[in-house]
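Dear colleague,

Please find the structure below, followed by a short account of what was found in it.

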Amino acid sequence: MSHNLILRIISKFLIPLIILFAFYVQFHGDFGPGGGFQAGVIFSVAFILYTLVFGLDSAEKIITPVVLRILASLGVVIYAGTGVASLLLGANYLDYDVLGKTPVAGQHVGILVIELGVGITVASVMILIFYSFAGRDRD
Amino acid sequence: MIDQHVSLLLVVIPLLAAPFVAVLPGRHLAWLATQIITAICFALAIYQLLQVLQGGIISYELGGWAPPWGIEYRIDAANALLAVIIAGIAAITAPYSLASVQREIPQHQHSLFYASFLLCITGLLGISLTGDIFNLFVFLEISSLSSYALISMGKQRQALTAAYQYLIMGTIGATFFLIGVGLLYAQTGTLNMADLAARLPEVIQLRTVHTAFGFILVGVALKLALFPLHLWLPNAYTFAPSVVTIFLAATATKVAVYVMLRLNLTIFSSDFVLKTPANEIFLTLGIIGIIVASATAIIQKDAKRLLAYSSVAQIGYMIIGLGFASIAGLTATLVHIFNHAIMKAALFMAIGAIFYRIGSSRLDDLTGLGRQMPWTFGALIIGGLSLIGVPGTAGFISKWYLVIAALEQDNWLATIAILGGSLLAVIYVWKLVEVLYFKVATSERQDVREAPLLLLVPTWVIALSNIYFGFDTTWTVGVAQTAIKMLGMS
């Protein structure tokens, strides 16, 4: 692996930046362009780059397929659960108005949580898809 | 609270359950959860139908945004009936799946299987309940993607190619649908079906609207496997796991027929449709489909594939009813959606029970098994009689209304096709009976026993419902007539 020195150094430098940018796109999504889907894809790119440079085995030590599967499901639960939360608070499904003190605050909270769910699911599914393609010649 | 949110809960409960089921350990827990969820959905669907029949159209605003800006679920008798069919078939397939899935699907995939199954239910229920045409597309994709996954889990390797073939055709269909929706949106600026219906008359003469109609028509026709766009269906049904075949055969194509109905009656007015060649296309393709697909069914060498071709032919009956564009014709279509669901479910369940015992559905392998599995064989006979349309079974009711609709318009060609299709059905059902009962079992299959009760009970419930709905038509014809009235046909 020593001949990949430049690649390894550069990707170690890039990966934190990619993740940071993913978080920016995620949480700035309700003010500017962005949102959960884009953020999830960018976030997964960090892991895909890591897998490309350091190999599938070391990537799976960081985050295993089982955890990814749980995370992928968790995202859907967060999304659908937010809708159920507004149901329980007496409004219609996915009506964010009741989630905060004022309707405007509620809308902010609602979209942020929903997009977080989307981001988690998209990121984990992207990594899972990459894992299963990369691991094809194992068996 | 349930009163007000019942339509929404029908979609959300399976959706929310799916991710939990996907991570449940062990096969029994996942199955149990699926069983409970489908039973709840079935109860809710019946409750919703009763509500609609008493109180009229239900409208639900998602996120509290009023239509036409927000997504609206709009339920009249037609989609309430459809929801009952989907949830009902799901609830009856669930107990059947415990044994069948265990036999046909590797254990580590069980929780994923049940999760996909729940997502498929979510998608189909969503299509049937939503009043927003883009939301319909989203649910169409949810149900399609999950059914590709479900089909690919089949035991034989061909299941993968079958799923892939369906994926390609299904995606083309969905794309056509979306292009049509996009054109409609460009022309009217709305996606709400009721709002579309109100705004379309102003722009109805524009070529864009006609193009949109054409695109949507072809897209949905691919999804409902209208002859000659049916080529994905036989492989998908043959190689999918038995449970998936039962569920999809009984619901998926029916939901697409419903979308076509909604398209023709709610979104585009029947005046507009009458000016296009759509109804002639429906009639022509329906008639050719019945004859060609039934004839193809006769020469099949695999029981599941035989029934799959029979499904294509049955789609022809539903489409002919649509093509008549009359109250009788549309009633026949809706009734046949219901009746075909229960007859095909019974037949595929019986074949699935045999598959459970011998791991094959090739006719050469089935010889003489009817005598060793009398109860399974009995259910198959009832399903077969219903498929032919013998009086006293559900199939007779829908054929009766269809023939009435054909005679009403003096359409002798359609009448001949409907009756001729029944005769061809006699031949291919007889072919099954002959193989199963009148041939001798091969020596290595002498010890095949009757299917376990877990498979037999659901099969017989569905088989007996074929007879019940052959006599009591309040829930089929009655509801269908109310539905057509609500759709504004006069």
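Which residues of the largest nonpolar core touch the most other members? This core has 234 residues, and C41(B), L81(B), I151(B) and A346(B) touch the most other members. A nonpolar core is a set of buried Ala, Val, Leu, Ile, Met, Phe, Trp, Tyr and Cys residues joined through C-beta atoms within 7 Å. A residue is buried if 20 or more other C-beta atoms, placed from the backbone, lie within 10 Å of its own. Helix α14 (residues 327–358) of chain B gives the largest share of the core, 21 residues; helices are DSSP runs of H or I with at least four residues, and strands are runs of E with at least two, numbered from the N terminus.

The model is predicted: local features need pLDDT of at least 70 and side-chain atom pairs pLDDT 80 or more, while totals for chains, interfaces and linings use all residues. Residues are numbered from 1 along each chain as its sequence is written, and chains are lettered from A and ligands numbered from 1 in the order in which they are written.

Chain B comes to 20 helices and two strands. Its C-alpha atoms fill a box of roughly 70 × 55 × 40 Å along the principal axes, and buried residues make up 61% of its 490 residues.

Chain A brings 15 residues into contact with 12 residues of chain B, where contact requires C-beta atoms, placed from the backbone, within 7 Å.

Within chain B, A346(B) touches residues including A379(B), I382(B) and N466(B), not counting residues up to four places away in sequence.

Yours sincerely

Notes
Contact = placed C-beta atoms within 7 Å. Buried ≥ 20, exposed ≤ 12 C-beta atoms within 10 Å, placed from the backbone.
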